[in-house]
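Please keep the sequence and the three-dimensional view at hand while reading.

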Amino acid sequence: MHIAKYTKVQAGALLAHYENAEFRSHSSSVNPERTHLNINYTIDSNNKKGHDRLKDLLNRDDVYCSPRKDVKVLFDTVITAPSNLPKEREIEFFNNAARFISERFPQAQIISINLHYDENSFYDKDGINKGAVRPHAHIAMCPTVWDNNKKRWKVSAKETITKENLLSLHQDFKAYIDKAMNLDLEILNGSTSEANKSILELKTDTLNKTIEKQEQDVKKLQQLKSKLQNDIQYELVR
């Protein structure tokens with residue numbers, strides 16, 4: 001199990017990676033022929049994507065989110081299928097995992113839950129195939145908490161993901177899953193497996209490249225805006 005927090009800009013790229021087949025096809029870790037096996041648990045009647053659901057939530061009148069760019073508006077919990085989990089019980093495992101996380105963070109809003117079966121290999125820095133990546137779920141949530149003083153929700157990763165909450169997270173998760181499924185599963189403890197850790201690093205690298213391109217595009221638009229404003233000003237004083 002791995003939990004990471006993301007800003008609004010980062011969240012957009014991540015949610016696209018979770019849900020968008022075309023976006024995923026550009027990743028070297030993804031086998032497009034297996035993408036149809038992935039499961040999106042959060043498709044609603046309007047067929048809204050995770051990015052739209054997050055945007056709608058942050059735009060609600062009863063939800064406050066600081067305008068600071070470094071505010072973490074999304075946290076993603078990655079849960080990997082244990083090596084001794086019977087394949088025929090994988091869906092049951094992930095259903096219980098999603099239930100555990102939603103109960104662990106009861107005030108946080110679920111944005112996206114996606115089960116990935118198509119990330120079937122990864123490569124090290126020398127281009128050597130290091131093996132298979134086990135099926136894993138991304139449970140993406142907005143870290144909302146209720147502000148009793150102002151009678152509204154607010155986005156606060158600090159108040160949602162506390163050290164106290166994380167301290168026994170793996171231990172509690174194993175106890176919850178083992179009891180629910182009547183199994184003794186090899187739950188990853190403390191860190192993800194080498195393969196899935198590598199995939200997370202690859203996703204972070206892809207995300208950083210996407211953000212860098214978006215920042216460059218914004219800079220170009222700002223330069224164009226400045227030029228147009230100067231041209232308009234010049235025409236006015238002629």
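A residue is called buried under 20% relative accessible area, exposed over 50%, and partly exposed in between, with a 1.4 Å probe and protein chains only. The model is predicted: local features need pLDDT of at least 70, side-chain atom pairs count only at pLDDT 80 or more, and totals for chains, interfaces and linings use all residues. Residues are numbered from 1 along each chain as its sequence is written, and side-chain values use heavy atoms, with hydrogens and water left out. Helices (H or I, at least four residues) and strands (E, at least two) are DSSP runs numbered from the N terminus.

**Two single residues**

- Glutamate 215 belongs to helix α8 (residues 194–237), and it counts as exposed at 53% relative accessibility.
- Although glutamate 215 and valine 9 are 206 residues apart along the chain, 9.7 Å separates their C-alpha atoms.
- Threonine 42 lies in the loop between β2 and α3 and is buried, with a relative accessible area of 16%.
- Apart from neighbours within four places in sequence, threonine 42 is in contact (heavy atoms within 4.5 Å) with Glu19, Arg53, Ile110, Ile111, Ser112 and Ile113.

**Helix against helix**

- Two packed helices are described by the angle between their axes and the distance between the axes.
- Axes are lines fitted to C-alpha atoms, for helices over the stretch in contact, and angles run from 0 to 180 degrees between N-to-C directions.
- Helix α4 (residues 90–104) packs with helix α7 (residues 169–181) at an angle of about 135°, and their axes are 10 Å apart.
- This angle makes α4 oblique to α7; angles under 35 degrees count as roughly parallel, over 145 as roughly antiparallel, 65 to 115 as roughly perpendicular and the rest as oblique.
- Residues of α4 in this contact include Phe93, Ala97 and Phe100, and those of α7 include Phe173, Tyr176 and Ile177.
- By class, the contact of α4 with α7 has 9 nonpolar, 1 polar and 5 charged residues. Here Ala, Val, Leu, Ile, Met, Phe, Trp, Tyr, Cys and Pro count as nonpolar, Asp, Glu, Lys and Arg as charged, and the others, Gly among them, as polar.
- Helix α1 (residues 8–19) and helix α3 (residues 50–58) cross at roughly 145°, and their axes come within 8 Å.
- Among the residues making the contact are Ala11 and Leu15 of α1, together with Arg53 and Leu54 of α3.
- The contact of α1 with α3 has 4 nonpolar, 3 polar and 3 charged residues.

**The sheet of 5 strands**

- This open sheet has the order β1-β4-β8-β5-β2, with antiparallel pairing; two strands pair if DSSP finds at least two bridges between them.
- At the edges stand β1 (2–7) and β2 (39–40), each with a single partner strand, so one side of each has no neighbour in the sheet.
- β1 pairs with strand β4 (residues 72–80) in the antiparallel sense over 6 bridges, and lysine 5 stands opposite phenylalanine 75 in β4.
- α3 packs on the sheet and touches β4, β5 (109–116) and β8 (136–142); its direction makes about 170° with that of β5.
- α4 lies across β2, β4, β5 and β8, and runs at about 20° to β8.

**The sheet of 3 strands**

- This open sheet has the order β3-β10-β9, and its pairing is mixed.
- β3 (63–64) and β9 (144–147) stand at the edges, each with a single partner strand, so one side of each lacks a neighbour in the sheet.
- β3 and strand β10 (residues 152–155) pair in the parallel sense over 2 bridges, with valine 63 opposite tryptophan 153 in β10.
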